[in-house]
Amino acid sequence: MNQARVAGYEVVSRQDFSDVTFLLEVQHPQLARAARPGQFVIVMASEHGERIPLTIADYDRERGTVTLVIQAVGKTTREMQRDCRVGTRLVALVGPMGVPSHIGKARKVLCVGGGLGVAPVYPQARGYKESGAYVIGILGFRNRDLMFWEDKFRATCDELIVCTDDGSAGIKGLVTEGIRLAISKHRDIDECVAIGPPVMMKGCAEATRSSGIRTIVSLNPVMVDGTGMCGGCRVKVGETVKFACVDGPDFDGHLVDFDDLMFRLQRYRATELAATERFNENCRMRSLTGQPVVAE
Amino acid sequence: MPGDARPKKKTIRMIPQARTPAHEQDPAERACNFDEVNLGYLIEDAQLEAERCLMCPEQPCVAGCPVGIAIPDFIQRITARDYRGAYDVITATNLLPAVCGRVCPQESQCEGSCTVGDTLEPVAIGRLERWVGDMAIRERWSNVPYIQPSGFKVGIVGSGPAGMACAADMAKAGCEVTVFEAFHEPGGVLKYGIPDFRLPNKVVDAEIAKLEALGIRFECNTLVGRLFTVEQMVEEMGFHAVFVGTGAGYPSFMGIPGESLNGVLSANELLTRCNLMHAREFPDYDTPLQPGRRVVVIGAGNTAMDALRVSRRVGAESVRCLYRRSRAEAPARAEELHHAEEEGIEFHWLASPVELLDDGKRNVRAVRCIRMTLGEPDASGRRRPVPEAGSEFEIEADMVVYAIGTNANPIIGQTSKLQLDQRGYIATDASLATSIPGVFAGGDIVTGAATVIEAMGAGRRAARAMKAFLGLRDTDHLYCDAAVEPGSRMFGIDRAERGFARIRVPR
């Protein structure tokens, strides 16, 4: 019998960045060896769980671990926030999926992360740094309390611009503000990598379009298998339709139809809301009956 | 002594004239559940149907079977009430009788060439095979032969029918076999694709357990190509031979306007959510499925039938099938089509979609279609559908499912140097060897979408070639041919062959 089928994949460390964002470091030496910047995994947290795609935030080949940063927004991710403690196991973890990011010969690069997207842009920043590029990191958060990994980026990037919506840290404004700042200071930026919510990536693509900076975005649409079989993740890129799981997840941000992507992300919205509602209700019931309570 | 001679040769007039019907769930009832539709035979049904085989000397059914099961032989054993014997005969060539008895298109294979079929309805070979397979599962029969370890490690990529068949043959040849599967459960299309009412997942699990009993290991959650490459398997991981059976799972769309609207999805997505991920049991399972009230499925193959019938079962009010040719050309098995009709599926033959219409909120509202007429036969031999000018009409739909075929899965092609053909399928020679020595491929990833039994047949053919490659003894393979130098023969056997006792001759 396959070990993985029985045993699952152990969570070896966990860090909570805020009341919604948390980090899991999972033991999987083979995956840690194979992972490259830009790739993702599919996780199933429990036997009855759904398969959710998560971009690989980091990997440590010596420790044999991969790092995932998760935002508790729906039923599955909130359940993971509640249940995935050090020593617990994920039922399924498969990857690395997708075509690795192409870290080419760019000499000066913007690595832009918005919210949760800050995590997956880290391996890219490190990759570019290792290839000898001058790396400008731009990180966006709603406020100071939601910030994470500023230290990691400071250690990797040649320059770092932090943006918060309310100005509680760094500059006040969106990451697009940071991009404008960087572009005005550096006239020779070759490439921009932007990862975050679709609306943020759309903004980034717009911000770089006029200066003609090649802009790569990482898309995370609804998918089931992650191996090219369901076609749920099809996205419009220029005139063509691509499957994000096997043709991406990286695409040319200037060609991606973000409006189409945003609508398609709402496909299962009604069912998802119902599931989250039910989950919240169960949590309230538990707290009333004295059962173990969720940290909320 | 008279009367004690050989049994008289059966004639068509001596056998039961009517084909024994299988027990089936009532259409009205089954359209609301996922229990199996075809309940199969009882012992007396099997006995009666076995009587119908003429035991003709030509045995066209054996030639009609892609894996060449000794069909009259196993039927003969049913008649003799030697059921275990019947199972042994089938499993000598086909490891998964309970699966194949359910999902093979028998009408175009064994039953299609049955002699009885020239005059009456052919012998229900598929139902008999399934009956034997089910009995084996119930009685926990499995044929685990004595296996002499050969010392070879074999890796199989993909745990679908091709991979399973290849794995079984290689395990029996003494190899240490590991099957890699990207999903969290093994079985491939048998699990994610074919719904429970046609092939219950527990039947697939039972068959997989038999493969595990042969010593085969299944490693799930393993995406070969990305976690490690086929080249790494051969060069670094110590696999002496590799079989790639990753299937043709990449779904096709038509490229008409409106395909990115919400409510438009591939049959693969619908079926995977419902079958493997249990979306139909939401909220007990987390995977969502927004079932449509008015569903349109495009295509009329087996996958389309599955999508139609699944949609019906998850509660759609109307379920319609759109196909650009007529019923006669529909590629689905006759039984599936018949079952779908019984369950109240509406068929719109000779109609093709030209546009999917928006409700203003990016959800699909209707399908605009055009009527077709059949013209001259095309390359596939079927009459080419030609659109009729000015015949456009609309069908209301809040869910549109594409079941118009699939393409090669691209991952192995992206991650290895295996040579592909022009359409992206893996290029092989007649023995299913690929461009990398020791790597073989078979099933849909070589031929394009086909049937379960054809994939199994390919898995077995590849296994024969792998055995020859490894120098393992195989009754199908003649080692000592003229090409072998006399000096490298011993007692007429090629010295390169393994699995026979070696004798050292003193110099």
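This is a predicted model: local features need pLDDT of at least 70, side-chain atom pairs count only at pLDDT 80 or more; totals for chains, interfaces and linings use all residues.
Start with the nonpolar cores. The largest holds 126 residues. Within this core, Phe74(B), Ile78(B), Val177(B) and Val244(B) touch the most other members. The top contributor is helix α17 of chain B, residues 452–470, which supplies ten residues. There is also a second, separate core. This one counts 58 residues, including Val175(A), Ala194(A), Val256(A) and Phe393(B).

Neighbours up to four places away in sequence are set aside here. Val244(B) then touches Val157(B) and Val230(B), among others. Further along the chain, its partners include Ile412(B), Leu418(B) and Ile426(B). Val439(B), Phe440(B), Ala441(B), Gly442(B) and Ile445(B) are also among them.

Helix α4 of chain B spans residues 71–79, and helix α7 of chain B spans residues 125–138. Their axes lie 11 Å apart, at an angle of about 60°. That angle makes α4(B) oblique to α7(B). The crossing is left-handed. By class, the contact has eight nonpolar residues, no polar ones and one charged.

Stay with α7(B) for one more residue. Asp134(B) sits in this helix. Is Asp134(B) buried or exposed? Its relative accessible area is 17%, so Asp134(B) counts as buried, the limit being under 20%. Beyond its neighbours within four places in sequence, Asp134(B) is in contact with Ala98(B) and Arg102(B).

α12(B) passes α13(B) in a left-handed crossing. On the α12(B) side, the contact uses Ala267(B), Leu270(B), Leu271(B) and Cys274(B). On the α13(B) side are Thr303(B), Asp306(B), Ala307(B), Val310(B) and Ser311(B). Six of the contact residues are nonpolar, two are polar and one is charged.

The other partner is helix α14 of chain B, residues 334–342. What is the angle between α13(B) and α14(B)? They pack at about 25°, with axes 10 Å apart. Angles under 35 degrees count as roughly parallel, so α13(B) and α14(B) are roughly parallel to each other. This crossing is left-handed. α13(B) brings Asn302(B), Met305(B) and Arg309(B) to the contact. α14(B) brings Glu336(B), Leu337(B), His339(B) and Ala340(B). The classes are three nonpolar, two polar and two charged.

Finally, turn to chain A. Thr164(A) lies in strand β10, residues 159–164. Thr164(A) is buried, with a relative accessible area of 0%. Which residues does Thr164(A) touch, not counting those up to four places away in sequence? Phe141(A), Arg142(A), Asn143(A) and Arg144(A) are among them. Ala169(A), Ile171(A), Lys172(A) and Gly173(A) also belong to the list. Asp225(A) is 61 residues apart from Thr164(A) along the chain, and their C-alpha atoms are separated by 35 Å.

Methods: Residues are numbered from 1 along each chain as its sequence is written. Chains are lettered from A and ligands numbered from 1 in the order in which they are written. Side-chain values use heavy atoms; hydrogens and water are left out. A nonpolar core is a set of buried Ala, Val, Leu, Ile, Met, Phe, Trp, Tyr and Cys residues joined through side-chain atoms within 4.5 Å. Buried means under 20% relative accessible area, exposed over 50%, partly exposed in between (1.4 Å probe, protein chains only). Helices (H or I, at least four residues) and strands (E, at least two) are DSSP runs, numbered from the N terminus. Contact means heavy atoms within 4.5 Å. A crossing is left-handed if the near helix is turned anticlockwise from the far one by less than a right angle, and right-handed if clockwise. Ala, Val, Leu, Ile, Met, Phe, Trp, Tyr, Cys and Pro count as nonpolar, Asp, Glu, Lys and Arg as charged, and the others, Gly among them, as polar. Axes are lines fitted to C-alpha atoms, for helices over the stretch in contact, and angles run from 0 to 180 degrees between N-to-C directions. Angles under 35 degrees count as roughly parallel, over 145 as roughly antiparallel, 65 to 115 as roughly perpendicular and the rest as oblique.
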